[in-house]
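Please keep the structure open beside them as you go.

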Amino acid sequence: MNTVLAIEALRFGWPGAAPCIDIERLHVAAGETLFLHGPSGCGKSTLLSLMAGVLVADAGRVALLGHDWAALSGAARDRCRVAHVGYIFQQFNLLPYLSVLDNVLLPCRFSPRRRAQAAQDGSARAQAEALLVGMGLDPALWRRPAMKLSVGQQQRVAAARALIGRPELVIADEPTSALDEAHRDAFLDVLLAACAAHRSALVFVSHDRRLATRFGRELSLPDINRAQGDPA
Ligand SMILES: Nc1ncnc2c1ncn2[C@@H]1O[C@H](COP(=O)(O)OP(=O)(O)OP(=O)(O)O)[C@@H](O)[C@H]1O
């Protein structure tokens, strides 16, 4: 198996709180699509942050492409993340005053690797435009500041930004919550097709269990997490 992400004996707790993540083993292979679910507060977003090296384990190992996030400095983690991980955040994290196109191109500005990969079939800009078209974003919106888009439109911009430059790992935290059924299905089609074409591993969190059939593997976080979830 060509492992992209390897989690072993991972423990993490927020400061002053009991551990909320305790996972013996979870490996994700290149091209694999993983659907992750669990009740609110069980630690899904926390686990995604650990996968992406935004948070660092208290014990155990989270390795991306063989590199343990904990062995890297903060700056090295930032560089590694932008080069190899596309992250669709629950709140999108678009830069509000930047245009839609410039938001999608951001990873290429910060990572030479993402820039080179995005330009493989032409230019980074052409790939950004192709992703936006795939996401059903009208070209009339591309020059608009991101903050002037609807929530559902911003969600799709965030997905295009995550996919540009073919990152090895794509992480999506509730990325379809603001989309209607038609846009949700189109969004999933583009996301899954892009990950398949690039052999990106995809970790996708959603409360909507109906979507699970579109993924290669389904996991309930409480089933693999020995820590207690939110006691509330
Ligand atoms: N920044 C933080 N500081 C302290 N505790 C936090 C922080 N973020 C989350 N937590 C706590 O960690 C636990 C897991 O939260 P997390 O956001 O990972 O859950 P989740 O499964 O993603 O929830 P949801 O489905 O509602 O988004 C919760 O008890 C939460 O209160």
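1. This is a predicted model, in which local features need pLDDT of at least 70 and side-chain atom pairs count only at pLDDT 80 or more, whereas totals for chains, interfaces and linings use all residues. Residues are numbered from 1 along each chain as its sequence is written.

2. An open sheet is formed by four strands in the order S2-S1-S4-S5, with antiparallel pairing; strands are DSSP runs of E with at least two residues, helices are runs of H or I with at least four, and both are numbered from the N terminus, while two strands pair if DSSP finds at least two bridges between them. Strand S2 (21-29) and strand S5 (67-68) are at the edges with a single partner strand each, so one side of each has no neighbour in the sheet.

3. Strand S1 (residues 3-12) pairs with S2 in the antiparallel sense over eight bridges, and Ala-6 stands opposite His-27 in S2.

4. Helix H3 (residues 100-110) packs against helix H5 (residues 124-134) at an angle of about 125 degrees, with the axes 10 Å apart; axes are lines fitted to C-alpha atoms, for helices over the stretch in contact, and angles run from 0 to 180 degrees between N-to-C directions. The two helices H3 and H5 are therefore oblique to each other, a term for angles that are not under 35 degrees (roughly parallel), over 145 (roughly antiparallel) or 65 to 115 (roughly perpendicular).

5. Around the ligand there are eleven residues, of which Trp-14, Ser-40, Lys-44, Ser-45 and Thr-46 come nearest; a residue is near a molecule if its C-beta atom, placed from the backbone, lies within 6 Å of it.
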